[in-house]
Amino acid sequence: MINIILFGPPGSGKGTQSEKLIEKYSFKHISTGDLLRSEIAAKTALGIEAKSFMDKGQLVPDEVVIGMISSVLDANPHAKGFLFDGFPRTKAQSEALDKLLANKHTEINIVLALHVNEDELVKRLLNRGLTSGRSDDVNEEIIRARIIEYENKTMPVADYYNQFNKVVTIKGEGTIEEIFSSLCKEIDKKF
Ligand code: B4P
């Protein structure tokens, strides 16, 4: 079983690259952003709670997200590997994920960290906001708040996996195909 985390700030291309990676490698894709947005669309209690955080550019509480991941792992006992996109986003989520995977006698093999400068991130997200209908993409203030959340709460995830030498940094600027090819090179090297 191969388990990969695609890591990076908001707008670094995690969702974009995940789509291409799952097509090529047939991993089970787990995007906490997508899962939360479908809960919002279905107006569930979890979705209503999550929306109040997401609309402000804040992370959703750990216990909500960890519970969601645990259910998806249980629902996919025969997956040949998982591609985690946008999860874990805090050190507590990383520790919880490691425990959940250990219970299934597996682990995270590699963390692919996309690096993109802040001005480019803001430009991409404002641009996506023109068509996505996503309330967290519409104004620069919320986008900057998401980047600050990333720096304060999510960067420690890279430090956490770095202690096990699992992090590989990838340049996340350039064409989508160039970045995809860099990611595939690292995956193929590892497996
Ligand atoms: P997410 O849905 O995870 O996504 P994201 O941060 O917006 O960005 P992503 O990196 O996937 O960007 P994309 O490829 O689409 O998070 C949304 C919110 O959900 C969070 O703020 C948080 O509130 C909540 N949440 C999610 N997971 C959570 C967790 N684990 N814990 C707590 N809260 C959680 O790319 C963005 C744009 O760039 C697109 O328009 C794309 O077309 C463009 N783009 C991509 N690659 C490009 C390239 N190479 N060049 C130019 N443009 C490019």
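Predicted model: local features only at pLDDT ≥ 70, side-chain atom pairs only at ≥ 80, totals over all residues.
1. The side chain of threonine 32 has an N or O atom 2.8 Å from a nitrogen atom of the ligand, while at serine 12 it is a backbone N or O atom that lies 3.4 Å from an oxygen atom of the ligand. The ligand on its own has 1,000 Å² of accessible area, and the protein covers 87% of that area.

2. The shell around the ligand is made up of 29 residues, and the closest of them are Thr16, Thr32, Gln58, Arg128 and Arg146. By kind of residue, this shell divides into ten nonpolar, eleven polar and eight charged. At least two residues of the shell come from each of α1, α2, α6 and α8, and the largest share, four residues, is supplied by α2.

3. The lining of the largest pocket comprises 16 nonpolar, 19 polar and twelve charged residues.

4. As for the elements that build the lining of the largest pocket, at least two residues come from each of the strands β1 (2–7) and β2 (28–31), and likewise from each of the helices α1 (14–25), α2 (32–41), α6 (118–132), α7 (140–162) and α8 (176–190).

5. The second largest pocket has a volume of about 250 Å³, and of the 15 residues that line it, Pro9, Leu114, His115, Tyr150 and Met155 are the closest to its centre. Its lining divides into ten nonpolar, three polar and two charged residues. The strand β4 (110–115) and the helices α6 and α7 each give at least two residues to the lining of the second largest pocket, with the largest share, five residues, coming from α7.

6. Two features of the backbone deserve a careful look when the model is inspected. Most residues other than glycine have a negative phi, and most peptide bonds are trans. Phenylalanine 87 and proline 88, however, are joined by a cis peptide bond with an omega of about -5°, and proline 88 has its place in the loop between β3 (81–85) and α5 (91–103). Serine 26, although it is not a glycine, has a positive phi of about 55°, and this serine 26 belongs to the loop between α1 and β2.

Notes:
Residues numbered from 1 in each chain as written. Heavy atoms only, no water. Nonpolar A, V, L, I, M, F, W, Y, C, P; charged D, E, K, R; others polar. 1 Å grid on protein atoms, 1.4 Å probe; cavity = no way out; pocket = protein on both sides within 12 Å on 5 of 7 lines; lining within 4 Å. Points joined across faces, edges and corners; volume = space filled by probe spheres on them. Near = heavy atom within 4 Å. Polar contact = N/O pair within 3.5 Å; in protein donor to acceptor, adjacent residues only side chain to side chain. Areas by Shrake-Rupley, 256 points an atom, 1.4 Å probe, with all protein chains shown as cover.
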